[in-house]
Amino acid sequence: MNVVNCRKCGKLYNHISGPNICPACKEALEQKFQEVKEYIREHRDCGIAEVCEACDVEPSQIQNWIRQERLEFSENSGVKINCEHCGAPITTGRFCEKCKKEMSDNLGSVLQKPQVNKPDPSAAKQTDRNRMRFL
């Protein structure tokens, strides 16, 4: 049993996986996320500071949701975060499209498909001759 203290409230709970947050705090955080998401839908051109003020949420939590691709602000809002690789401004996720493509190409070149060897028909005949026969 893995008993730990909740990072938010300090309560002891049985930790299975994920962040060190108890189920009650996790549920409260999810409710706060739904509130933030609804606020952004109603106020399309809002910024992070405005959302933090209206929904009583830390800016780091909103940026975390943006990095997880759970939130995306409109292009008009001016909310941008930086690509973790090149620093280009992006609206959601961790990497810009250019860096994603570059990483995908690099991974594709490393993981090339293995070549399938075709069986030699003469080898099959030799193995048939070497087999034991029963009458």
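## Packing of helix α1

In this predicted model, the buried residues of α1 pack against α2 (48-55) and α3 (59-67). Contact means heavy atoms within 4.5 Å. Helices are DSSP runs of H or I with at least four residues, numbered from the N terminus. The buried set of α1 is C25, F33, V36, Y39 and I40. These residues sit on the same side of α1, because they cover an arc of only 125 degrees around the axis. The arc is taken over the directions from the helix axis to the C-beta atoms. On the other side of α1, P23, Q31 and E42 are exposed. Buried means under 20% relative accessible area, exposed means over 50%, and partly exposed lies in between (1.4 Å probe, protein chains only).

Helix α1 spans residues 23-42, 20 residues in total. From its first C-alpha to its last it reaches 29 Å, close to the 28 Å expected at 1.5 Å a residue. That expected span is 1.5 Å times one less than the number of residues.

## The largest pocket

The largest pocket holds about 200 Å³ of space. Its lining consists of R7, K8, P19, I21, K26, L29, E30, Q61, N64, W65, Q68 and R70. Both α1 and α3 supply at least two lining residues each. A pocket is an open set of points on a 1 Å grid over the protein atoms alone, where a 1.4 Å probe fits, with protein on both sides within 12 Å along at least five of seven lines; lining residues have an atom within 4 Å of a point. Grid points are joined across faces, edges and corners, and the volume is the space filled by probe spheres set on the points.

Q61, one of the lining residues, is found in helix α3. Q61 counts as buried, at 14% relative accessibility. Leaving out residues up to four places away in sequence, Q61 touches K8 and L29.

## Cysteines

The structure holds zero disulfides. A disulfide is a pair of cysteine sulfur atoms within 2.5 Å. For C46, the closest cysteine sulfur is in C55, 8.3 Å away and too far for a bond. C46 is buried, with a relative accessible area of 1%.

The sulfur of C86 is 3.6 Å from that of C99, its closest cysteine sulfur, and this is also too far for a bond. C86 is partly exposed, at 42% relative accessibility.

## Basis of the values

Residues are numbered from 1 along each chain as its sequence is written, and side-chain values use heavy atoms, with hydrogens and water left out. In this predicted model, local features need pLDDT of at least 70, side-chain atom pairs count only at pLDDT 80 or more, and totals for chains, interfaces and linings use all residues.
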